Amino acid sequence: MEIDLDIAPAGDGQVPAKEPNLTDKWWLPAKNEAGRKELRERNMDIFRKKYPTVYANVQNFEAKSTLVFDENGNPDMVFAGTKFYDGDIEDFTIKQLAHYWRNPQRLTIAPPVPQSMDNHAGRCTLEFMDTMRETDGLDFSLGRSFKSSFYGIVMGIGLGRHIPEFVEKSECRNLFLLEPNYEGFYHSLELLDWAAVMFEFQDRNGDVFFYIGGTPQNWMDGLRSQTRATNCVSIDGINVYAHFNNPKFSEFSKKFSKESQFLMTGLGFFYDEQIMLRNTYDNMAGRNSRIYLRGGGKDMVQNIPAVIVGCGPSLDKNIEDIQRIADNAVIISCGSALGPLMDAGIRPDFQMELENIDVMRVMLYAAEKHDLSGICLVASSTVEREIKDFFDQVVYYFRPALCPFPIFSNNANNCLAHPDPTVVNVGLSFAQEMGFREYYFFGTDLGQKDSDQHHAKSSFHYSSKAKKNEVLQIFNIEVPGNFGGKAMTSSGLFWALDTIQRAILYSGGKCRYFNCSNGARIKGAIPKMSRTLDLPEPKTTRAEAVAAIVDSFPEMTSEDFDRLWQPERMVDAVDSMLDELVDIMETVDLVSSTDHMIELARLFYGTNDDVITKYAALCLRGSVNQVMIASDFYLTRVTDEAKFDEAMDIFRKVFREFADRLRLIAAKHIRAQALGLELSEDYLKGASEDDGLTDEDRARLLEPAS
């Protein structure tokens with residue numbers, strides 16, 4: 001909306017009119033109904049185009065409150081006879097904003113330290129920090145040196161009077177608006193120029209995200225998703241503003257305080273990506289591998305139950321009941337549950353695996369005592385390479401956030417919907433997508449109940465081959481027990497529990513779930529004592545169901561593999577992306593601007609149809625983002641503005657060296673695959689300069705693959 005400014009010409013002796021602030025521009029409560037109607041229509045039009053879901057919800061909303069005005073045209077909202085702003089929205093908002101800016105609530109992340117990073121990022125960060133400390137005159141403040149933040153969170157839209165000033169003073173480039181219901185927002189459409197708000201964020205190369213209704217968990221999930229896609233680096237310094245009290249805001253604040261550090265976790269490590277590429281190459285090359293495909297069975301429905309077996313403590317007491325019902329169900333073993341099942345004479349139909357390391361030791365424990373033939377392994381393509389040799393049939397699924405995915409698949413239907421964070425999640429997701437309708441959980445304790453036992457006693461974890469004094473979980477979170485009382489779980493298992501409950505919720509009403517484990521209660525799964533189970537003979541035999549499932553998965557032939565593996569394009573893509581990253585670091589203000597963070601997000605999380613470029617992004621983003629989080633944290637705490645350029649030059653130098661190191665390792669590692677050469681683990685990790693090769697082999701790796 002254009003605003004005519006009455007500014008006197010210079011030199012006429014008058015004081016120039018004050019430049020209007022965002023409140024003057026955006027807060028436009030018209031004194032007549034026609035003006036308010038016009039603003040509402042203009043706002044609704046922009047929401048219809050940009051936020052169709054919000055538009056549809058407002059269209060169907062019937063307000064229970066009333067918009068009223070005092071004699072000066074100042075609005076208020078009356079609900080159940082009470083004025084929301086006590087009859088003076090100006091006084092309420094001005095005082096609240098003044099109180100906030102005296103001591104703004106801001107998120108401060110823990111200082112990034114090399115010990116919490118992979119060796120590549122840690123080495124770069126350590127050199128950066130050491131050089132900064134050794135430079136005369138470079139001092140650091142405890143908090144950020146700038147009031148601005150990349151993100152802003154406002155809890156409560158109300159009538160919107162506070163939003164312009166918050167946006168102006170926080171200088172946020174992306175705004176999250178959380179609101180329990182549509183009451184205030186509905187009326188704000190007649191008072192606040194939302195179109196101008198959106199155009200402002202468009203000019204800032206950012207956006208506004210509306211979370212109206214829903215739960216605090218929905219809000220946290222949305223925040224995590226949007227920050228990851230927009231800029232996962234600039235979490236430090238987020239301004240958080242609460243406009244009014246609400247139980248949902250209190251719950252979200254606790255959740256945000258607890259989980260905000262997780263916004264930057266799971267970014268990956270360069271070393272891990274190299275191992276996962278190597279494992280996938282070896283698992284796929286030179287053989288016809290079956291590839292998981294959702295929908296390959298054409299929406300098959302299983303007429304037999306699925307028994308999902310984890311390795312929780314209660315498995316010891318329930319193993320005989322699994323024996324009793326085994327012929328009338330498909331048995332899905334998850335990770336280390338394989339050993340106890342085989343010890344009891346129960347041969348599972350599917351063995352599920354998730355991780356790319358430490359699977360071999362568990363598998364050896366079972367394989368040394370038992371013949372594993374006849375079991376179908378369902379594993380991530382990145383699983384340890386030796387695992388496949390224990391099984392007659394192997395089905396590989398892909399994980400979309402890992403670098404082998406775009407190279408060998410790039411098809412979401414080759415991935416499981418809810419595989420993280422544990423192998424039990426893999427088992428449930430697989431069973432759901434294969435069309436099972438009835439599920440029984442055993443050993444899925446997801447914690448401890450009435451003892452300090454962490455796994456089934458007959459599992460690898462209690463064997464002489466397990467690592468001594470290995471800390472598996474810290475059980476410090478209390479949750480409801482499956483058969484009453486309380487159970488204790490860990491942060492990792494709590495995440496697993498939450499994912500299982502969501503997977504059950506999303507599966508709809510046609511499925512039935514029964515939890516026979518004596519651990520944490522799983523919402524949506526009926527507690528069921530295993531001794532009471534009596535499964536009838538199924539319409540489809542166990543063998544027939546398993547064969548149909550396995551046969552539904554296509555093979556990746558050697559010809560397919562040769563077509564997909566493009567080593568020199570992969571090398572070039574890594575080179576090009578690192579060149580672009582270095583160019584960004586060299587040309588952008590790294591202290592007072594956040595433009596480079598947007599460019600990073602574009603490179604790593606933007607939409608790109610080229611699978612080789614996607615590979616490069618997934619390969620590099622974890623370690624690069626770790627370095628950038630550290631640079632953002634320390635550069636924005638430099639106290640002397642005159643030292644900004646010197647601090648940036650220090651970082652640019654170590655970043656160039658870091659990029660050159662990654663490009664050399666990536667190129668050698670890619671070319672080593674087809675030649676059957678192995679770079680040393682310490683070299684891949686960044687812990688050693690010795691690649692473990694002979695001079696002759698090293699020369700071969702510096703030449704492009706034929």
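Contact here means heavy atoms within 4.5 Å. Helices (H or I, at least four residues) and strands (E, at least two) are DSSP runs, numbered from the N terminus. With that, let's start.

This is a predicted model: local features need pLDDT of at least 70, side-chain atom pairs count only at pLDDT 80 or more, and totals for chains, interfaces and linings use all residues. Residues are numbered from 1 along each chain as its sequence is written, and side-chain values use heavy atoms, with hydrogens and water left out.

First topic, helix H6. H6 covers residues 163-170. Buried means under 20% relative accessible area, exposed over 50%, and partly exposed in between, with a 1.4 Å probe and protein chains only. Six of the eight residues of H6 are buried, so the helix is largely enclosed by the rest of the structure. Which residues of H6 are buried? They are Ile163, Pro164, Glu165, Phe166, Val167 and Ser170. What do they pack against? On the helix side, the partners are H1 (22-26), H4 (89-102) and H8 (194-203). On the strand side, they are E4 (151-155), E5 (174-179) and E7 (239-242).

Just after H6 comes Glu171, with a positive phi of about 55°. Glu171 sits in the loop between H6 and E5. Its phi is positive although the residue is not glycine.

Leu446 is another such case. Phi of Leu446 is near 55°, again positive in a residue other than glycine. Leu446 belongs to the loop between strand E14 (438-442) and strand E15 (477-480). Leu446 has a relative accessible area of 8%, so it counts as buried.

One more backbone point. The peptide bond from Asp420 to Pro421 is cis, with omega near 5°. Where is Pro421? In the loop between helix H15 (404-408) and helix H16 (423-433).

Now helix pairs. Two packed helices are described by the angle between their axes and the distance between the axes. The axes are lines fitted to C-alpha atoms, for helices over the stretch in contact, and angles run from 0 to 180 degrees between N-to-C directions. Angles under 35 degrees count as roughly parallel, over 145 as roughly antiparallel, 65 to 115 as roughly perpendicular, and the rest as oblique.

Take H9 (residues 216-230) and H21 (residues 595-605). They pack at about 100°, with axes 7 Å apart. H9 and H21 are therefore roughly perpendicular. H9 brings Arg228, Ala229 and Thr230 to the contact, and H21 brings Met597, Ala601 and Tyr605. These residues split into four nonpolar, one polar and one charged. For the classes: Ala, Val, Leu, Ile, Met, Phe, Trp, Tyr, Cys and Pro count as nonpolar, Asp, Glu, Lys and Arg as charged, and the others, Gly among them, as polar.

Next, H2 (residues 33-50) with H8. Their axes come within 8 Å and cross at roughly 45°. H2 and H8 are therefore oblique to each other. Asn43, Ile46, Phe47 and Lys50 of H2 meet Trp194, Ala195, Met198 and Phe199 of H8. That contact divides into six nonpolar residues, one polar and one charged.

On to the cores. A nonpolar core is a set of buried Ala, Val, Leu, Ile, Met, Phe, Trp, Tyr and Cys residues joined through side-chain atoms within 4.5 Å. How many residues has the largest core? It has 118, and Ile153, Phe256, Phe604, Tyr615 and Phe655 have the most contacts inside it. Apart from it lies another core of 47 residues, among them Ile304, Ala306, Val546 and Ile549.

Consider Phe604. Setting aside neighbours within four places in sequence, Phe604 contacts Met577, Leu581, Ala617, Leu620, Arg621, Val624 and Asn625.

Then Val309, in strand E9 (residues 306-309). Its relative accessibility is 0%, so Val309 is buried. A disulfide is a pair of cysteine sulfur atoms within 2.5 Å. By this rule the count is zero. Cys311 counts as buried at 9% relative accessibility, and Cys403 at 0%.
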